[in-house]
Amino acid sequence: MLWLVALVGVAIVYLAARFSRFRRWAEPILSVAVAIALLSAFVVWISDRGERKAAAPEPVATAPAAPAAQNISLDGMTFEQSQPERSFRLRGTVSNNGATPLEYFRLSVTLEDCPQDACAKIGDDSALVLARVPVGQARPFETFLTFPSREGESLTTPKWTYQVLEVRGAASR
């Protein structure tokens, strides 16, 4: 339908440019056609606006509570020195004792050197550990940590302190 209107419009413009007698009739005819089209568009707009109803708010599904840090337990934590000197590979097992499947957790680790029980803090590092663990199950995980290194300073008696900072879970599938 639109192509027909466009074709008629082009024909009218062509004939008006080509023949002066047609031009006298084309201007009033086109003016009336444009007025009718605008009036029709206004009527459609008003009738469409009246039929619309306020959209009802969509029900929001309540997400299950995210697993809490106290519902996550870490076992078998081993720290292996890697390259460069103050890089370590951390391996362990995470158990999900919560009610929501675990997606990931953020682990904060502090390294201290404690020769003869006199501890000196070396540094802190945190790691994002992707561990998809269903409720009531355990999975092994592995990550890398890096601590500041000072030349000539060796690590004699490392002491590790770790804490779960953030835990994220997923809705049951």
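pLDDT is the predictor's confidence in each residue, from 0 to 100. This is a predicted model, where local features need pLDDT of at least 70 and side-chain atom pairs count only at pLDDT 80 or more, while totals for chains, interfaces and linings use all residues. Residues are numbered from 1 along each chain as its sequence is written, and side-chain values use heavy atoms, leaving out hydrogens and water.

**View 1. Confidence, element by element.** The average pLDDT of the protein is 82, and 86% of the residues score at least 70.

View 2. Look for R89 in strand 2 (residues 87–96). R89 counts as partly exposed because its relative accessibility is 25%; buried means under 20% relative accessible area, exposed over 50%, and partly exposed in between (1.4 Å probe, protein chains only). Leaving aside residues up to four places away in sequence, R89 touches T78, F79, E80, E142, T143 and F144, a contact being heavy atoms within 4.5 Å. T78 is eleven residues from R89 in sequence, yet their C-alpha atoms sit 7.9 Å apart.

**View 3. The 4-3-6 sheet.** Here three strands make an open, antiparallel sheet in the order 4-3-6. Strand 4 (120–133) and strand 6 (158–169) are the edges, each with a single partner strand, so one side of each has no neighbour in the sheet. Strand 3 (residues 102–113) runs antiparallel to strand 4, joined by eleven bridges; two strands pair if DSSP finds at least two bridges between them. D113 stands opposite A120 in strand 4.

**View 4. The C114–C119 disulfide.** One disulfide turns up in a search of the whole structure, and this bond joins C114 to C119, S to S 1.9 Å (the cut-off is a pair of cysteine sulfur atoms within 2.5 Å). The torsion about the S-S bond of C114 and C119 is about 110°, so the disulfide is right-handed. C114 counts as buried at 9% relative accessibility, whereas C119 is partly exposed at 40%.

Terms used: Helix = DSSP H or I, 4+ residues; strand = E, 2+ residues; numbered from the N terminus.
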